[in-house]
Amino acid sequence: MRLKLQNFRKHRNFVVEFKPGVNLITGLNSSGKTSLVEAIYISLQGKSWRSNFLDITNNQTDWWRVDLNINNTEKRIVKFQNNQKTFQLNSKNFKTLSTNNKKQIVLFEPENSRILYSSPKKRREFIDYFISQTQPGYSEIIRKYNRIILQRNKLLKQEFLKQTDLNIWDEQMANLAAEIIAARQIWVKEVNQYISEEYQKVTGANEKIELVYKNHDTAAKILNQLKVNYQKERALGFTSVGPHKDDIGFLINNKKAERQVSRGEGKLIILTIFIILIKKYQIEYVIFDDLFNDIDLERVKKIEKLLDGIPNVFITDCRLLNEKFGNKIVLT
């Protein structure tokens, strides 16, 4: 894989060759490591997770360009100029990348390492992100569900409202909620099959890791609870029942993980989940941004072995300048 950047953040004219397998992009802070993986992500997904396209522009120019050549069989070009973006795939131009023209890619960023200690909302988003990557249509179910919750909450705040006015919204919400709950249950079950074994490969400790998702509600149960809670929700002004209120627990040896593990160990738990699902669903492109912060070097080599078999891995890190790890690209 060959990547060329022009006026992309701090990279005025930069070319780099990546190899199949693990690629480590290392260098001192502010050397532009994350910009390289950001460019790959934009080429494959048509958007950045960091900022809008205008913010990417080098301060001395009003345009930028990314050329990505994948194994000499697929050429992707992203251009941004005069506040307009253009995507080119094998010489065909597009204003946006359609779902069919995107490539599946999973991103592990520093925020993910704090999931254990974050809010329930962040943990729900963490699970929903992965399900969306592997289950077609799930992200649309989440969007529809959130729109219904928003509309239902507006109705609950209205001065004049009959319980029957909510019937159509309640039925739609309950059906979508049941789909979300079922998908999360399956996801947690799949992770729990492998997580202890994979985590032990990195830590060497005989510890049991388990994810807990307690919601087993059906559409009928949710619909009934909405009716029971009507007066309460009128007073509160929001919907108090549904998967938007759920949380996912992380246990280590049957105790809450966030109370038992260090930041590095917590990051390893989340990283293990990523690797399990990447391999299970045969995801071809993976980005690990700032991967090894908080992880001791002894475990770094074990992580490299876990990554074996993933076709294209891109890791940014500033700690391994003098360590052997995958195909190394050193930025100065």
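## A look around the predicted chain

Isoleucine 56 has its place in helix H2 (residues 53-56); helices here are DSSP runs of H or I with at least four residues, strands are E runs with at least two, and both are numbered from the N terminus. This is a predicted model, where local features need pLDDT of at least 70 and side-chain atom pairs count only at pLDDT 80 or more, while totals for chains, interfaces and linings use all residues. Residues are numbered from 1 along each chain as its sequence is written, and side-chain values use heavy atoms, with hydrogens and water left out.

Back to isoleucine 56: is it buried or exposed? Isoleucine 56 counts as buried because its relative accessibility is 0%. The cut-offs are under 20% relative accessible area for buried and over 50% for exposed, with partly exposed in between (1.4 Å probe, protein chains only). Not counting residues up to four places away in sequence, isoleucine 56 touches Asn7, Phe8, Arg9, Glu38, Ile42, Ser48, Ser51 and Trp64; contact means heavy atoms within 4.5 Å. Leucine 277 is 221 residues from isoleucine 56 along the chain, and their C-alpha atoms are separated by 31 Å.

Histidine 11, in strand E2 (residues 11-17), also counts as buried because its relative accessibility is 6%. With residues up to four places away in sequence left out, histidine 11 touches Leu5, Gln6, Ser31, Gly32, Ser35, Leu36 and Leu331.

### Cores

Nonpolar cores are sets of buried Ala, Val, Leu, Ile, Met, Phe, Trp, Tyr and Cys residues joined through side-chain atoms within 4.5 Å. The largest one has 65 residues, and Trp187, Phe250, Ile273, Phe288 and Ile315 touch the most other members. Helix H5 (residues 167-203) gives this core its largest share, 13 residues. A second, separate core has 31 residues, including Leu3, Leu44, Trp64 and Leu68.

### Strands

Phenylalanine 250 is in contact with Ile115, Arg123, Glu210, Leu211 and Ile273, among others, leaving aside neighbours within four places in sequence. In strand E10, phenylalanine 250 is the bridge partner of leucine 211. E9 and E10 (residues 249-252) pair in the antiparallel sense over four bridges; pairing requires that DSSP finds at least two bridges between two strands. The open sheet here has three strands in the order E9-E10-E11, with antiparallel pairing. Strands E9 (209-212) and E11 (255-256) each have a single partner strand, so one side of each is left without a neighbour in the sheet.

Strand E8 (residues 105-108) has both faces covered: Ile105 and Leu107 are buried on one side, Val106 and Phe108 on the other. In a regular strand the side chains alternate between the two faces of the sheet. E8 pairs with E12 (residues 285-288) in the parallel sense, over four bridges, and phenylalanine 108 stands opposite phenylalanine 288 in E12.

### The whole chain

| Property | Value |
|---|---|
| Secondary structure | nine helices and 14 strands |
| C-alpha box along the principal axes | roughly 65 × 55 × 35 Å |
| Buried residues | 49% of 332 residues |
| Accessible surface | about 16,900 Å², 46% from carbon and sulfur atoms |

That surface comes from the Shrake-Rupley method with a 1.4 Å probe; for residues, only the protein chains shown count as cover. Among contacts with a separation of 6 or more, 69% join residues 24 or more positions apart.
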